[in-house]
There are 4 protein chains.
Amino acid sequence: MGGDRSRIMQDSKQEALQRMKSIAGHVKGIERMLENDAYCIDVIKQVQAVEAALNKVNSLLLEGHLHTCVITAVRGEDVLERERVLGEIAGVFETSAKL
Amino acid sequence: MGGDRSRIMQDSKQEALQRMKSIAGHVKGIERMLENDAYCIDVIKQVQAVEAALNKVNSLLLEGHLHTCVITAVRGEDVLERERVLGEIAGVFETSAKL
Amino acid sequence: MGGDRSRIMQDSKQEALQRMKSIAGHVKGIERMLENDAYCIDVIKQVQAVEAALNKVNSLLLEGHLHTCVITAVRGEDVLERERVLGEIAGVFETSAKL
Amino acid sequence: MGGDRSRIMQDSKQEALQRMKSIAGHVKGIERMLENDAYCIDVIKQVQAVEAALNKVNSLLLEGHLHTCVITAVRGEDVLERERVLGEIAGVFETSAKL
(Lines give C-alpha, C1' and ligand atoms only; values in the text may rest on other atoms or scores of the structure.)
Protein backbone atom coordinates (compact mmCIF):
# COMPACT_ATOMS: atom_id res chain seq x y z
CA MET A 1 0.00 0.00 0.00
CA GLY A 2 1.38 3.44 -0.85
CA GLY A 3 2.35 5.88 1.91
CA ASP A 4 -0.66 8.09 1.29
CA ARG A 5 -3.15 5.25 1.54
CA SER A 6 -1.47 3.91 4.66
CA ARG A 7 -1.72 7.37 6.27
CA ILE A 8 -5.42 7.72 5.40
CA MET A 9 -6.07 4.42 7.19
CA GLN A 10 -4.02 5.34 10.26
CA ASP A 11 -5.87 8.66 10.49
CA SER A 12 -9.31 7.10 10.29
CA LYS A 13 -8.38 4.46 12.90
CA GLN A 14 -6.93 7.13 15.21
CA GLU A 15 -10.08 9.19 14.98
CA ALA A 16 -12.23 6.07 15.49
CA LEU A 17 -10.19 5.23 18.61
CA GLN A 18 -10.70 8.71 20.09
CA ARG A 19 -14.42 8.40 19.43
CA MET A 20 -14.60 4.91 20.99
CA LYS A 21 -12.94 6.28 24.17
CA SER A 22 -15.56 8.99 24.38
CA ILE A 23 -18.29 6.38 23.75
CA ALA A 24 -16.86 4.24 26.60
CA GLY A 25 -17.35 7.23 28.92
CA HIS A 26 -20.89 7.68 27.65
CA VAL A 27 -21.64 3.99 28.34
CA LYS A 28 -20.32 4.35 31.91
CA GLY A 29 -22.61 7.36 32.35
CA ILE A 30 -25.61 5.26 31.30
CA GLU A 31 -24.65 2.58 33.84
CA ARG A 32 -24.68 5.27 36.55
CA MET A 33 -28.09 6.51 35.36
CA LEU A 34 -29.47 2.98 35.72
CA GLU A 35 -27.89 2.56 39.17
CA ASN A 36 -29.43 5.87 40.26
CA ASP A 37 -32.85 4.83 38.95
CA ALA A 38 -33.01 7.57 36.30
CA TYR A 39 -36.19 8.07 34.28
CA CYS A 40 -36.43 5.34 31.61
CA ILE A 41 -36.99 7.65 28.68
CA ASP A 42 -33.89 9.67 29.61
CA VAL A 43 -31.83 6.44 29.61
CA ILE A 44 -33.32 5.35 26.27
CA LYS A 45 -32.38 8.71 24.70
CA GLN A 46 -28.78 8.36 25.91
CA VAL A 47 -28.59 4.83 24.48
CA GLN A 48 -29.84 6.23 21.15
CA ALA A 49 -27.14 8.93 21.31
CA VAL A 50 -24.48 6.21 21.75
CA GLU A 51 -25.91 4.36 18.74
CA ALA A 52 -25.67 7.53 16.62
CA ALA A 53 -22.03 7.94 17.76
CA LEU A 54 -21.27 4.30 16.82
CA ASN A 55 -22.81 4.85 13.38
CA LYS A 56 -20.40 7.75 12.92
CA VAL A 57 -17.43 5.53 13.89
CA ASN A 58 -18.47 2.96 11.31
CA SER A 59 -18.87 5.59 8.59
CA LEU A 60 -15.34 6.78 9.34
CA LEU A 61 -13.86 3.28 9.29
CA LEU A 62 -15.69 2.35 6.10
CA GLU A 63 -14.50 5.50 4.37
CA GLY A 64 -10.89 4.77 5.38
CA HIS A 65 -11.27 1.17 4.25
CA LEU A 66 -12.70 2.11 0.85
CA HIS A 67 -9.80 4.46 0.14
CA THR A 68 -7.13 1.96 1.13
CA CYS A 69 -7.74 -1.81 1.22
CA VAL A 70 -10.55 -1.69 -1.33
CA ILE A 71 -8.45 0.27 -3.84
CA THR A 72 -5.49 -2.06 -3.30
CA ALA A 73 -7.59 -5.21 -3.71
CA VAL A 74 -9.59 -3.99 -6.69
CA ARG A 75 -6.51 -2.74 -8.53
CA GLY A 76 -4.64 -5.96 -7.76
CA GLU A 77 -4.70 -8.95 -10.09
CA ASP A 78 -6.06 -11.49 -7.59
CA VAL A 79 -9.69 -11.87 -8.72
CA LEU A 80 -10.75 -13.92 -5.70
CA GLU A 81 -9.33 -11.36 -3.27
CA ARG A 82 -11.15 -8.61 -5.16
CA GLU A 83 -14.45 -10.50 -4.90
CA ARG A 84 -13.85 -11.14 -1.21
CA VAL A 85 -13.25 -7.46 -0.41
CA LEU A 86 -16.29 -6.29 -2.40
CA GLY A 87 -18.44 -8.99 -0.80
CA GLU A 88 -17.45 -7.68 2.63
CA ILE A 89 -18.69 -4.18 1.74
CA ALA A 90 -22.03 -5.63 0.61
CA GLY A 91 -22.23 -7.64 3.86
CA VAL A 92 -21.59 -4.61 6.05
CA PHE A 93 -24.29 -2.68 4.19
CA GLU A 94 -26.80 -5.52 4.59
CA THR A 95 -26.15 -5.82 8.35
CA SER A 96 -26.41 -2.05 8.75
CA ALA A 97 -29.87 -2.14 7.16
CA LYS A 98 -30.95 -4.51 9.96
CA LEU A 99 -29.80 -2.28 12.83
CA MET B 1 -47.23 2.87 41.59
CA GLY B 2 -48.32 -0.58 42.75
CA GLY B 3 -45.75 -3.08 44.08
CA ASP B 4 -46.00 -5.25 40.96
CA ARG B 5 -45.40 -2.39 38.56
CA SER B 6 -42.50 -1.12 40.65
CA ARG B 7 -40.91 -4.58 40.58
CA ILE B 8 -41.31 -4.90 36.80
CA MET B 9 -39.42 -1.62 36.42
CA GLN B 10 -36.65 -2.60 38.83
CA ASP B 11 -36.22 -5.91 36.99
CA SER B 12 -35.96 -4.30 33.57
CA LYS B 13 -33.47 -1.70 34.86
CA GLN B 14 -31.39 -4.41 36.57
CA GLU B 15 -31.23 -6.44 33.38
CA ALA B 16 -30.42 -3.31 31.35
CA LEU B 17 -27.56 -2.54 33.79
CA GLN B 18 -26.08 -6.03 33.42
CA ARG B 19 -26.24 -5.67 29.66
CA MET B 20 -24.63 -2.20 29.72
CA LYS B 21 -21.70 -3.63 31.76
CA SER B 22 -21.19 -6.31 29.15
CA ILE B 23 -21.44 -3.66 26.40
CA ALA B 24 -18.77 -1.57 28.21
CA GLY B 25 -16.44 -4.59 27.98
CA HIS B 26 -17.25 -4.98 24.30
CA VAL B 27 -16.43 -1.28 23.70
CA LYS B 28 -13.05 -1.69 25.46
CA GLY B 29 -12.36 -4.70 23.22
CA ILE B 30 -13.01 -2.55 20.13
CA GLU B 31 -10.56 0.09 21.44
CA ARG B 32 -7.90 -2.63 21.72
CA MET B 33 -8.67 -3.83 18.18
CA LEU B 34 -8.08 -0.28 16.90
CA GLU B 35 -4.87 0.08 18.92
CA ASN B 36 -3.62 -3.22 17.49
CA ASP B 37 -4.46 -2.12 13.94
CA ALA B 38 -7.08 -4.82 13.41
CA TYR B 39 -8.67 -5.25 9.98
CA CYS B 40 -11.28 -2.50 9.44
CA ILE B 41 -14.13 -4.78 8.48
CA ASP B 42 -13.63 -6.84 11.65
CA VAL B 43 -13.87 -3.64 13.72
CA ILE B 44 -16.98 -2.49 11.84
CA LYS B 45 -18.68 -5.84 12.52
CA GLN B 46 -17.94 -5.55 16.25
CA VAL B 47 -19.36 -2.01 16.31
CA GLN B 48 -22.51 -3.34 14.61
CA ALA B 49 -22.74 -6.08 17.28
CA VAL B 50 -22.62 -3.40 20.01
CA GLU B 51 -25.40 -1.50 18.22
CA ALA B 52 -27.57 -4.64 18.16
CA ALA B 53 -26.91 -5.10 21.90
CA LEU B 54 -27.91 -1.48 22.59
CA ASN B 55 -31.12 -1.96 20.61
CA LYS B 56 -31.94 -4.87 22.90
CA VAL B 57 -31.32 -2.69 26.00
CA ASN B 58 -33.71 -0.07 24.66
CA SER B 59 -36.38 -2.67 23.88
CA LEU B 60 -36.11 -3.91 27.46
CA LEU B 61 -36.30 -0.43 28.97
CA LEU B 62 -39.22 0.58 26.77
CA GLU B 63 -41.14 -2.57 27.67
CA GLY B 64 -40.59 -1.89 31.39
CA HIS B 65 -41.62 1.74 30.91
CA LEU B 66 -44.82 0.86 29.04
CA HIS B 67 -45.93 -1.51 31.79
CA THR B 68 -45.26 0.96 34.60
CA CYS B 69 -45.03 4.72 34.06
CA VAL B 70 -47.21 4.67 30.94
CA ILE B 71 -49.99 2.72 32.66
CA THR B 72 -49.81 5.01 35.70
CA ALA B 73 -49.89 8.19 33.60
CA VAL B 74 -52.61 7.05 31.20
CA ARG B 75 -54.85 5.79 34.00
CA GLY B 76 -54.30 8.99 36.00
CA GLU B 77 -56.55 12.02 35.65
CA ASP B 78 -53.84 14.52 34.67
CA VAL B 79 -54.50 14.94 30.94
CA LEU B 80 -51.34 16.97 30.29
CA GLU B 81 -49.15 14.36 32.00
CA ARG B 82 -50.82 11.65 29.91
CA GLU B 83 -50.11 13.57 26.69
CA ARG B 84 -46.51 14.16 27.77
CA VAL B 85 -45.87 10.46 28.42
CA LEU B 86 -47.47 9.35 25.13
CA GLY B 87 -45.58 12.05 23.24
CA GLU B 88 -42.31 10.67 24.66
CA ILE B 89 -43.09 7.20 23.26
CA ALA B 90 -43.76 8.70 19.83
CA GLY B 91 -40.49 10.68 20.07
CA VAL B 92 -38.42 7.60 20.97
CA PHE B 93 -39.95 5.72 18.01
CA GLU B 94 -39.19 8.58 15.62
CA THR B 95 -35.54 8.82 16.76
CA SER B 96 -35.17 5.05 16.51
CA ALA B 97 -36.30 5.20 12.87
CA LYS B 98 -33.35 7.54 12.19
CA LEU B 99 -30.68 5.26 13.68
CA MET C 1 -64.02 5.91 22.01
CA GLY C 2 -64.84 9.61 22.50
CA GLY C 3 -65.53 11.84 19.50
CA ASP C 4 -62.19 13.65 19.91
CA ARG C 5 -60.18 10.47 19.95
CA SER C 6 -62.05 9.08 16.99
CA ARG C 7 -61.34 12.25 15.02
CA ILE C 8 -57.60 12.16 15.88
CA MET C 9 -57.44 8.63 14.47
CA GLN C 10 -59.38 9.52 11.30
CA ASP C 11 -57.06 12.47 10.74
CA SER C 12 -53.89 10.45 11.13
CA LYS C 13 -55.21 7.70 8.82
CA GLN C 14 -56.26 10.29 6.23
CA GLU C 15 -52.84 11.89 6.26
CA ALA C 16 -51.19 8.45 6.10
CA LEU C 17 -53.34 7.60 3.07
CA GLN C 18 -52.33 10.78 1.24
CA ARG C 19 -48.69 10.01 1.95
CA MET C 20 -49.06 6.39 0.76
CA LYS C 21 -50.52 7.63 -2.53
CA SER C 22 -47.52 9.89 -3.03
CA ILE C 23 -45.20 6.98 -2.09
CA ALA C 24 -46.95 4.79 -4.71
CA GLY C 25 -46.05 7.41 -7.34
CA HIS C 26 -42.47 7.47 -6.09
CA VAL C 27 -42.28 3.65 -6.37
CA LYS C 28 -43.55 3.81 -9.98
CA GLY C 29 -40.85 6.40 -10.71
CA ILE C 30 -38.19 4.00 -9.42
CA GLU C 31 -39.55 1.24 -11.68
CA ARG C 32 -39.14 3.58 -14.65
CA MET C 33 -35.58 4.44 -13.57
CA LEU C 34 -34.74 0.72 -13.55
CA GLU C 35 -36.40 0.16 -16.94
CA ASN C 36 -34.38 3.07 -18.36
CA ASP C 37 -31.14 1.68 -16.93
CA ALA C 38 -30.56 4.64 -14.59
CA TYR C 39 -27.31 4.87 -12.62
CA CYS C 40 -27.48 2.45 -9.67
CA ILE C 41 -26.54 4.97 -6.99
CA ASP C 42 -29.34 7.30 -8.16
CA VAL C 43 -31.84 4.44 -7.82
CA ILE C 44 -30.51 3.50 -4.37
CA LYS C 45 -30.93 7.11 -3.19
CA GLN C 46 -34.55 7.17 -4.39
CA VAL C 47 -35.26 3.88 -2.57
CA GLN C 48 -33.79 5.42 0.59
CA ALA C 49 -36.06 8.46 0.12
CA VAL C 50 -39.09 6.13 -0.04
CA GLU C 51 -37.92 4.44 3.15
CA ALA C 52 -37.69 7.81 4.92
CA ALA C 53 -41.23 8.63 3.72
CA LEU C 54 -42.52 5.27 5.05
CA ASN C 55 -40.87 5.94 8.42
CA LYS C 56 -42.83 9.19 8.55
CA VAL C 57 -46.10 7.34 7.80
CA ASN C 58 -45.44 4.93 10.64
CA SER C 59 -44.63 7.76 13.06
CA LEU C 60 -47.94 9.36 12.16
CA LEU C 61 -49.92 6.15 12.56
CA LEU C 62 -48.24 5.28 15.86
CA GLU C 63 -48.92 8.75 17.22
CA GLY C 64 -52.60 8.46 16.28
CA HIS C 65 -52.76 4.98 17.78
CA LEU C 66 -51.17 6.06 21.08
CA HIS C 67 -53.68 8.88 21.51
CA THR C 68 -56.71 6.69 20.76
CA CYS C 69 -56.65 2.89 21.07
CA VAL C 70 -53.85 2.87 23.63
CA ILE C 71 -55.61 5.38 25.89
CA THR C 72 -58.89 3.46 25.57
CA ALA C 73 -57.27 0.10 26.34
CA VAL C 74 -55.08 1.30 29.20
CA ARG C 75 -57.93 3.20 30.87
CA GLY C 76 -60.25 0.22 30.44
CA GLU C 77 -60.61 -2.49 33.06
CA ASP C 78 -59.65 -5.44 30.85
CA VAL C 79 -56.12 -6.22 32.06
CA LEU C 80 -55.39 -8.73 29.27
CA GLU C 81 -56.45 -6.27 26.57
CA ARG C 82 -54.21 -3.62 28.16
CA GLU C 83 -51.23 -5.99 28.14
CA ARG C 84 -51.95 -6.93 24.54
CA VAL C 85 -52.02 -3.32 23.36
CA LEU C 86 -48.82 -2.39 25.23
CA GLY C 87 -47.11 -5.53 23.96
CA GLU C 88 -47.92 -4.46 20.39
CA ILE C 89 -46.16 -1.11 20.91
CA ALA C 90 -43.08 -2.91 22.22
CA GLY C 91 -43.19 -5.27 19.21
CA VAL C 92 -43.42 -2.43 16.70
CA PHE C 93 -40.45 -0.73 18.36
CA GLU C 94 -38.39 -3.92 18.28
CA THR C 95 -39.09 -4.52 14.57
CA SER C 96 -38.29 -0.90 13.78
CA ALA C 97 -34.86 -1.33 15.40
CA LYS C 98 -34.15 -4.12 12.89
CA LEU C 99 -34.99 -2.07 9.79
CA MET D 1 -17.19 -2.72 -19.24
CA GLY D 2 -16.67 -6.41 -20.03
CA GLY D 3 -19.60 -8.61 -21.06
CA ASP D 4 -19.65 -10.40 -17.71
CA ARG D 5 -19.82 -7.23 -15.66
CA SER D 6 -22.49 -5.79 -17.90
CA ARG D 7 -24.58 -8.94 -17.46
CA ILE D 8 -24.19 -8.88 -13.66
CA MET D 9 -25.58 -5.33 -13.66
CA GLN D 10 -28.48 -6.17 -15.99
CA ASP D 11 -29.39 -9.15 -13.80
CA SER D 12 -29.39 -7.15 -10.58
CA LYS D 13 -31.48 -4.37 -12.17
CA GLN D 14 -33.93 -6.92 -13.58
CA GLU D 15 -34.37 -8.55 -10.20
CA ALA D 16 -34.69 -5.12 -8.53
CA LEU D 17 -37.42 -4.22 -11.04
CA GLN D 18 -39.39 -7.39 -10.33
CA ARG D 19 -39.17 -6.65 -6.62
CA MET D 20 -40.24 -3.02 -7.07
CA LYS D 21 -43.34 -4.20 -8.96
CA SER D 22 -44.24 -6.49 -6.09
CA ILE D 23 -43.58 -3.62 -3.64
CA ALA D 24 -45.92 -1.38 -5.67
CA GLY D 25 -48.67 -3.97 -5.15
CA HIS D 26 -47.91 -4.08 -1.44
CA VAL D 27 -48.16 -0.27 -1.24
CA LYS D 28 -51.58 -0.38 -2.99
CA GLY D 29 -52.69 -2.97 -0.42
CA ILE D 30 -51.72 -0.62 2.41
CA GLU D 31 -53.74 2.18 0.80
CA ARG D 32 -56.78 -0.13 0.80
CA MET D 33 -56.18 -1.03 4.45
CA LEU D 34 -56.22 2.67 5.35
CA GLU D 35 -59.37 3.29 3.27
CA ASN D 36 -61.08 0.37 5.04
CA ASP D 37 -60.06 1.71 8.45
CA ALA D 38 -57.84 -1.29 9.31
CA TYR D 39 -56.32 -1.59 12.77
CA CYS D 40 -53.32 0.80 13.02
CA ILE D 41 -50.83 -1.75 14.25
CA ASP D 42 -51.66 -4.04 11.31
CA VAL D 43 -50.97 -1.16 8.91
CA ILE D 44 -47.71 -0.27 10.69
CA LYS D 45 -46.52 -3.89 10.37
CA GLN D 46 -47.23 -3.89 6.63
CA VAL D 47 -45.32 -0.63 6.20
CA GLN D 48 -42.38 -2.21 8.05
CA ALA D 49 -42.59 -5.22 5.70
CA VAL D 50 -42.34 -2.86 2.70
CA GLU D 51 -39.29 -1.21 4.30
CA ALA D 52 -37.61 -4.61 4.71
CA ALA D 53 -38.35 -5.37 1.04
CA LEU D 54 -36.84 -2.02 -0.02
CA ASN D 55 -33.71 -2.76 2.02
CA LYS D 56 -33.38 -5.98 0.06
CA VAL D 57 -33.68 -4.09 -3.26
CA ASN D 58 -30.90 -1.71 -2.20
CA SER D 59 -28.64 -4.59 -1.12
CA LEU D 60 -29.11 -6.14 -4.56
CA LEU D 61 -28.42 -2.91 -6.42
CA LEU D 62 -25.37 -2.11 -4.31
CA GLU D 63 -23.95 -5.57 -4.86
CA GLY D 64 -24.42 -5.24 -8.63
CA HIS D 65 -22.88 -1.77 -8.53
CA LEU D 66 -19.81 -2.91 -6.55
CA HIS D 67 -19.08 -5.70 -9.03
CA THR D 68 -19.43 -3.47 -12.08
CA CYS D 69 -19.08 0.32 -11.95
CA VAL D 70 -16.91 0.28 -8.83
CA ILE D 71 -14.46 -2.23 -10.32
CA THR D 72 -14.33 -0.28 -13.59
CA ALA D 73 -13.75 3.06 -11.83
CA VAL D 74 -11.21 1.80 -9.32
CA ARG D 75 -9.20 -0.10 -11.95
CA GLY D 76 -9.30 2.91 -14.28
CA GLU D 77 -6.61 5.61 -14.27
CA ASP D 78 -8.90 8.58 -13.55
CA VAL D 79 -8.16 9.29 -9.88
CA LEU D 80 -10.98 11.82 -9.48
CA GLU D 81 -13.55 9.39 -10.92
CA ARG D 82 -12.30 6.71 -8.53
CA GLU D 83 -12.68 9.05 -5.56
CA ARG D 84 -16.15 10.04 -6.71
CA VAL D 85 -17.35 6.44 -6.97
CA LEU D 86 -15.92 5.45 -3.56
CA GLY D 87 -17.37 8.60 -1.99
CA GLU D 88 -20.81 7.58 -3.28
CA ILE D 89 -20.55 4.20 -1.51
CA ALA D 90 -19.63 5.94 1.74
CA GLY D 91 -22.57 8.34 1.27
CA VAL D 92 -25.08 5.52 0.69
CA PHE D 93 -23.83 3.76 3.83
CA GLU D 94 -24.14 6.94 5.90
CA THR D 95 -27.71 7.60 4.73
CA SER D 96 -28.64 3.97 5.38
CA ALA D 97 -27.48 4.35 8.99
CA LYS D 98 -30.04 7.16 9.39
CA LEU D 99 -33.02 5.16 8.14
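1. Buried area between chains A and D. In this predicted model, chain A and chain D bury about 2300 Å² between them. Carbon and sulfur atoms give 63% of that area. On the side of chain A, the residues that lose the most area to chain D are A:R75, A:L86 and A:F93. Together these three account for 28% of what that side buries.

2. Residues in contact. The contact draws 25 residues from chain A and 25 residues from chain D.

3. Salt bridges. Four salt bridges are counted between chain A and chain D. One of them joins A:K56 to D:E94, with the closest N and O atoms 4.0 Å apart. The criterion asks for a side-chain nitrogen of Lys or Arg within 4 Å of a carboxyl oxygen of Asp or Glu, and this pair should be read with that cut-off in mind.

4. Polar contacts. The rule finds 12 residue pairs in polar contact across the interface of chain A and chain D, with both residues of each pair at pLDDT 80 or more.

5. Elements that supply the interface. On the side of chain A that touches chain D, the elements giving two or more residues are α2 (40–75) and α3 (79–97) of chain A. The element that gives the most is α2(A), with 12 residues.

6. Composition of that side. Sorted by class, the side of chain A that touches chain D holds 11 nonpolar, six polar and eight charged residues. The salt bridges between chain A and chain D, four in count, may be read alongside the eight charged residues on this side.

7. Relation of chain A to chain B. Chain A is superposed on chain B by a rotation of 180° with 0.0 Å of shift along its axis, at an RMSD of 0.0 Å. The two copies are therefore related as by a two-fold rotation axis. The same surface serves both copies, as 100% of the contact residues of chain A recur in chain B.

8. Fold of the single chain. Chain A contains three helices and zero strands. Along the sequence, chain A follows the pattern α-α-α.

9. Extent of the single chain. The radius of gyration of chain A is 18 Å, well over the 13 Å that the globule rule gives for 99 residues, so chain A is more spread out than a compact globule. Taken along the principal axes, the C-alpha atoms of chain A fill a box of roughly 60 × 30 × 15 Å.

Note on methods. Residues numbered from 1 in each chain as written. Chains lettered and ligands numbered in written order. Predicted model: local features only at pLDDT ≥ 70, side-chain atom pairs only at ≥ 80, totals over all residues. Heavy atoms only, no water. Contact = heavy atoms within 4.5 Å. Buried area = accessible area lost by both parts, 1.4 Å probe. Polar contact = N/O pair within 3.5 Å; in protein donor to acceptor, adjacent residues only side chain to side chain. Helix = DSSP H or I, 4+ residues; strand = E, 2+ residues; numbered from the N terminus. Nonpolar A, V, L, I, M, F, W, Y, C, P; charged D, E, K, R; others polar. Least-squares fit on C-alpha atoms with pLDDT ≥ 70 in both. Rg over C-alpha atoms; globule rule 2.2 N^0.38 Å.
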